[in-house]
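Please keep the sequence and the structure in view while reading.

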Amino acid sequence: MSGKTLFDPYTLGPLTLSNRIVLAPLTRNRAGAGFIPSELAATYYSQRASAGLLISEATQISQQGQGYQDTPGIYTQSQIDGWRKVTDAVHTKGGRIFLQLWHVGRVSHVDLQANGAAPVAPSAIRAETKTFANNSFVDVSEPRALALDELPGIVNDFRQAAANAIAAGFDGVEIHGANGYLLEQFIKDGANVRTDAYGGSIENRARLLLEVTAAVVAEIGAGRTGVRISPVSPANGISSSDPQPQFDYIADQLNALGIVYLHVVEGATGGPRDVAPFDYDALRRRFKNTYIANNGYDLELATSRLDEGKADLFAFGRPFIANPDLVERLKAGAPLAAFNPATLYGGGAAGYTDYPALAGTSAQ
Ligand code: 8OZ
């Protein structure tokens, strides 16, 4: 027994977190015109501010990086101003919040792209997945392969978005390298058949993620930069023939860049943890800074993994939707409310900001 509990403070780079429970990024599709976070977003995040760290919903770094209807961006001044209301509300409650930086790559639809252009990808291979556009679920569009000379522009969009996040008052950023989106499309050979310096070998396929991470670190500092990965998740029609050596290499390289945390979706995103063999403990040992574990955790599993030293922080996603005071409920052994799937994506306050806290807790 280590004696540590989930409810003890934790030092994350320059920040002191009040506990080891993290709000996982959750897409809620409630941004307003101009892809600006809604006024309700400030309420939603501040209701959950008793988590040690909040990670925002995935937020596109450019119009090209958008793949779903009504998701927020971080590439215009109005979006920065909208997010400022969120960060102020969270900080007023004593919370800490990172922004998740997102480029969907091929998981998009021509109706979400400028002038109806094709979405971009490492290779012109359409994903077997659907997205939500024009108020309905639709197949994603056929992508076009990015030219080599377009990649510096994407790295720069991530860098600028990180600067914008700091301007909006975020405590740091998380680079979305998971769930079948652009950076993972480069990493995994099911989506990347390039023959240039960004395809083929493990090193080449990791290159874009590592260049993006280095650019973000140079812009805002390693102590404010985290990365999320999902080594064996099949999310959004992605596949990999060699996840263990691929992600062992990535963990080593991210370690060398000095980033503050590695956030790992263990298993299939939102699904079974044992979807494919993978040695997460090996990643944890290679990466020397904070390891955030995610996917299907409950208090019992998180407590035992903490006790075994297998992770430092634990990200809870779905349990936070209907339990804004999840930290207090877990601590008290109180029952957890179930969320309504019908109000998960899109809409207004219903199913977003109207889940009550238990009487007497800080999330009220
Ligand atoms: C659910 C619906 C839309 C997007 C992810 C950003 O899986 C997402 C997402 C989740 O990382």
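A residue is called buried under 20% relative accessible area, exposed over 50%, and partly exposed in between, with a 1.4 Å probe and protein chains only.

## Basis of the model

The model is predicted, and local features need pLDDT of at least 70, side-chain atom pairs count only at pLDDT 80 or more, and totals for chains, interfaces and linings use all residues. Residues are numbered from 1 along each chain as its sequence is written, and side-chain values use heavy atoms, with hydrogens and water left out.

Helices (H or I, at least four residues) and strands (E, at least two) are DSSP runs, numbered from the N terminus.

F35 is partly exposed, with a relative accessible area of 27%, whereas N29 counts as buried at 6% relative accessibility.

Most residues other than glycine have a negative phi. Against that background, N29 has a positive phi near 55 degrees although it is a residue other than glycine, and F35, which is not a glycine, has a positive phi of about 55 degrees.

## The ligand and its pocket

Which residues surround the ligand? They are T27, A58, Y68, W102, H176, N179, Y181 and Y345, where a residue is near a molecule if one of its heavy atoms lies within 4 Å of it. Taken alone the ligand exposes 300 Å², of which the protein buries 78%; these accessible areas come from the Shrake-Rupley method with a 1.4 Å probe, and for residues only the protein chains shown count as cover.

Two polar contacts can be described here, a polar contact being a pair of N or O atoms within 3.5 Å; within protein, one must be able to donate a hydrogen and the other to accept it, and residues adjacent in sequence count only if both atoms are side-chain atoms. An N or O atom in the side chain of H176 is 2.7 Å from an oxygen atom of the ligand, and for the side chain of N179 the corresponding distance to an oxygen atom of the ligand is 2.8 Å.

The ligand takes up the space of the largest pocket. On a 1 Å grid over the protein atoms alone, a pocket is an open set of points with protein on both sides within 12 Å along at least five of seven lines, and a molecule sits in a pocket if more than half of its atoms lie within 2 Å of its grid points.

R205 belongs to helix α5 (residues 202-220) and is buried, with a relative accessible area of 3%. The side chain of R205 reaches the backbone oxygen of G200 at 2.9 Å. Contact means heavy atoms within 4.5 Å, and, leaving aside neighbours within four places in sequence, R205 is in contact with residues including F186, D189, Y198, D242 and Q246. R205 and F186 are 19 residues apart in sequence, while their C-alpha atoms are 5.4 Å apart in space.

N295 is found in the loop between β13 (290-294) and α8 (299-307), and at 4% relative accessibility N295 counts as buried. The side chain of N295 reaches the backbone oxygen of A268 at 2.8 Å. Not counting residues up to four places away in sequence, N295 touches A268 itself and others, among them V265, E266, P272, R273 and A315.

A121 lies in strand β6 (residues 120-121) and is buried, with a relative accessible area of 0%. Residues up to four places away in sequence aside, A121 touches R106, P143, R144, A145, L146, L182, Q185 and R194.

The segment after α10 (326-332) includes L336, which is partly exposed with a relative accessible area of 43%. Beyond residues up to four places away in sequence, L336 touches N323, L326, R329 and L330. G348 is also placed in the segment after α10 and counts as partly exposed at 31% relative accessibility. With residues up to four places away in sequence not counted, G348 touches R30 and L40, and the C-alpha atoms of G348 and S38, 310 residues apart along the chain, are separated by 9.1 Å.

Methods:
1 Å grid on protein atoms, 1.4 Å probe; cavity = no way out; pocket = protein on both sides within 12 Å on 5 of 7 lines; lining within 4 Å.
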